[in-house]
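Please follow the description below with the sequence and the structure side by side.

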Amino acid sequence: MALRRRRRPRPQLTTVPPGGALPAPSPLELSRRAWRRRRARRSTLVALASTLLFAAVAYLVVTSAPGWPRVQATFFSPSVAWESLPEILSGLWLNLQVLVVGGLLVLVLGLLVALTRALRGPAFAPLRILATGYVDLFRGIPLIITLYLVGFGFPALGLQGMPTSPFVLGTVAIVLTYSAYVAEVFRAGIESVHPSQRAAARSLGLTHRQTMRIVVLPQAMRTVTPALLNDFVALQKDVGLISVLGAVDAVRSAQILVGQSFNFTPYVVAGLLFVLLAVPSARLADAVTARARRRQQSGGLL
Amino acid sequence: MSAPVLDVRGVVKTFGDTVVLRGVDLSVGEHQVVALIGGSGSGKSTLLRCASLLETVDDGQVLLDGEDVTDPRVDADAVRRRLGVVFQAYNLFPHMTVLDNVTLAPTVVHGRPKAEVQEEARAMLARMGLADKAGEYPDRLSGGQQQRVAIARALGVRPRVLLLDEITSALDPELVGEVLAVVREVAAQGMTILMATHEMGFARQVADTVAFLDGGVVLESGPPEQVLGDPVEERTRRFLARVIDAGRL
């Protein structure tokens, strides 16, 4: 059940406003406030109770299953989890590196593609078509196939200086795919800025580039930040896919440990670590979205 | 006079440290037109937003047909169904045609048959001189046309009272007349209206009562000839002098 939005406590009137301080609230208003408080408390209790009930039922159903003891031993063994943690953590460090490097490259490449698609005029038609084709292609291909094509195809070319490290190739594949998505997010943002803004900027004599940089993009960024953060959360777990190229990341380490111990707990550990990684970004995305909403709406009840 | 349709009693509204309304009393009787005047920031819009339950009041009551609609126990949606609101910036739905804007609430909210509502809406649009605009999208209309559509939309639900929030403030002077003509006709048909306005001439012609909002209270109210022609309060006098200077009376 959705939590009711808590009423912000009324700030104390520190300065006496013009016209004198307000008289004390009437009994009617006090009773209304009391009623709202009771309502809020009741909603919270109902939400809490229903959550606890659900958790209890889920717990009972799972633990009473006939296979539960076996599942518990093979998936949730504390000792295996503790032993596997250091190796999985060192693997996660590789994922983090891919995430940071890849994330930055995705932002740059995605923005470039979006700006190319936003170019006007027939002279830029080839560029636009190229950018559109790129987006269509890499948004359409499953990431894992891009990873195989890049990870095994590029080295097979045997070109001088072609990197062979799965770290580099995996990052390239992820950047190719995610840039296509992020380019579309940026493009949506650019198009969401009202044409009148462009008209105002161009009539001040700003060039297309200046208009984009100074007027359109700052407004577009504000609109798309929540969507970008959402893509970032998706990227955080997809970096685990570089394991298919043989990079020893968190997923791959877990796989190796599973093979050694015949116990699946390392997968659960790796999964939990990815969740821990994603939670702060998810909360940040929530906060940014809420802030954008507050800024765009001038209060009121609805 | 019978019981008022809309009765505002001691309404207080604050935003943080700013006290906008500090005890407003105002009543609008059946078939009455009440004009709210006052400087910008005097709380006219806030009062209308409180009356249409778009804001919660911090004290006092708003009664609609004798029912306390500021009681948190009332179903606010059910109350709003009985109100018609027209905003300063039209607030038409840009993704719907004019006809769909007008027929939305009667069909979706009130569940009336679509054919009947459409016929009624077309007739209303025709009366407002918009017969040929029913299929257009709002962005293709002038401000005056859009505002007339907004009035038609508000009237579509057959409201008990029509709340008009400075509906001509965003319009070119030459478009003001066409919108005011529509309001005049709606008033003549007996609609109960509470309007915030800067058009003193219009208030004088159409309103039964003019209320001057200042410092968060209704400082002075009465028949238009009295409040606009021979105000008792010094502040009302000064406000009107400023308006005359600006050439709006």
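**Loops, a helix pair and a surface patch**

B:Arg158 is exposed, its relative accessible area being 53%, where exposed means over 50%, buried under 20% and partly exposed in between (1.4 Å probe, protein chains only). The model is a predicted one, in which local features need pLDDT of at least 70 and side-chain atom pairs count only at pLDDT 80 or more, whereas totals for chains, interfaces and linings use all residues. Residues are numbered from 1 along each chain as its sequence is written, chains are lettered from A in the order in which they are written, and side-chain values use heavy atoms, with hydrogens and water left out.

B:Arg158 lies in the loop between α5 (143-155) and β7 (161-165) of chain B, helices (H or I, at least four residues) and strands (E, at least two) being DSSP runs numbered from the N terminus. Its phi is near 50°, a positive value in a residue other than glycine. In chain A, A:Phe262 likewise has a positive phi, near 55°; A:Phe262 sits in the loop between α9 (250-261) and α10 and counts as exposed at 70% relative accessibility.

Helix α10 of chain A (residues 265-296) holds A:Tyr267, which is partly exposed, with a relative accessible area of 33%. Together with A:Val71, A:Phe75, A:Phe76 and A:Phe264, A:Tyr267 makes a nonpolar surface patch of about 420 Å²; patches are made of residues with over 30% relative accessible area and no salt bridge, like charges being joined within 9 Å and nonpolar side chains (Val, Leu, Ile, Met, Phe, Trp, Tyr) within 5 Å. A salt bridge here is a side-chain nitrogen of Lys or Arg within 4 Å of a carboxyl oxygen of Asp or Glu.

Notes
Accessible areas come from the Shrake-Rupley method with a 1.4 Å probe; for residues, only the protein chains shown count as cover.
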